[in-house]
Amino acid sequence: YSIPFYGERRPMLINMISTPDTDLKKKYPFVKEVNTILITEMKLHNVNGKEIAVWAKAAPLYDVNGTLVGAIETVRDITDRWNDSEELKKRAQKLQEAFNELTLAQKKLLQSEKMAAVGQLAAGVAHEINNPMGVILGFVQILSRGIKDDNPLYVPLTSIAKGALRCKQLIEDLLVFSRVGKMSVEPVDLNEVVKQTIPLIGSG
């Protein structure tokens, strides 16, 4: 009886009603038990060699005294429904992949906006400091004129001038960091890049 349904001679779900068989159960992807009824779904090849999907249900038959006298099995071709379900799963997977890509793009956009905000803040701070620092450096240079190295004011003025120049360099670095423009690719001197970066990450 199994050939028209399963495409081969084999025990059927109905056989498990009277004699539970672990080996037979392994032939099915799953067997759901609802009270005394067994239900399963699976893919197989019919007698024509075509791959189909089937739904099967087996139930016991009892006489008036409640004695098990047999069983009945129903097998339905659910290939169309199965294929629709598989297509839905594929579409759901594609939607999930698209959602993941969108989430990643959103995170990158937020990070880019944060970096742009940091750049604007750096530019604002740099401009606010640049003007008074220029004034300080100008006055120090004026005061330093004519002062020789044996003058008590020489060391303090020289130290102020060096500190002001260092601050000016940091300001220039901040302004470079804050600039936004079109991206271009060109050869660079890594040693020079490191030299320009060190003032930004260390103050001593």
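This is a predicted model: local features need pLDDT of at least 70, side-chain atom pairs count only at pLDDT 80 or more; totals for chains, interfaces and linings use all residues.
**View 1. How much of the protein chain is buried.** Of the 204 residues in the protein chain, 23% count as buried, meaning under 20% relative accessible area, while exposed is over 50% and partly exposed lies in between (1.4 Å probe, protein chains only). Residues are numbered from 1 along each chain as its sequence is written, and side-chain values use heavy atoms, with hydrogens and water left out.

**View 2. The fold at a glance.** The protein chain has six helices and four strands, and reading along the sequence gives α-α-α-β-β-β-β-α-α-α. Helices (H or I, at least four residues) and strands (E, at least two) are DSSP runs, numbered from the N terminus.

View 3. The four strands line up in the order 1-2-3-4 with antiparallel pairing. At the edges sit strand 1 (32-34) and strand 4 (68-77), each pairing on one side only. Neighbouring strands are turned by 25 degrees against each other on average, direction ignored; axes are lines fitted to C-alpha atoms, for helices over the stretch in contact, and angles run from 0 to 180 degrees between N-to-C directions.

View 4. Strand 3 (residues 51-62) is joined to strand 4 by nine bridges, and to strand 2 by eight. Two strands count as paired if DSSP finds at least two bridges between them. Trp55 has Arg76 as its bridge partner in strand 4, and Glu41 stands opposite Trp55 too.

View 5. Three bridges pair strand 1 with strand 2 in the antiparallel sense, and Lys32 has Ile39 as its bridge partner in strand 2. The hairpin has two residues between the strands, and here Asn35 takes a positive phi near 60 degrees. Most residues other than glycine have a negative phi. Asn35 counts as exposed because its relative accessibility is 75%.

**View 6. Helix 4 on the sheet.** Helix 4 (residues 79-144) packs on the sheet, touching strand 2 (37-45), strand 3 and strand 4. Contact here means heavy atoms within 4.5 Å. The direction of helix 4 makes about 80 degrees with that of strand 2.
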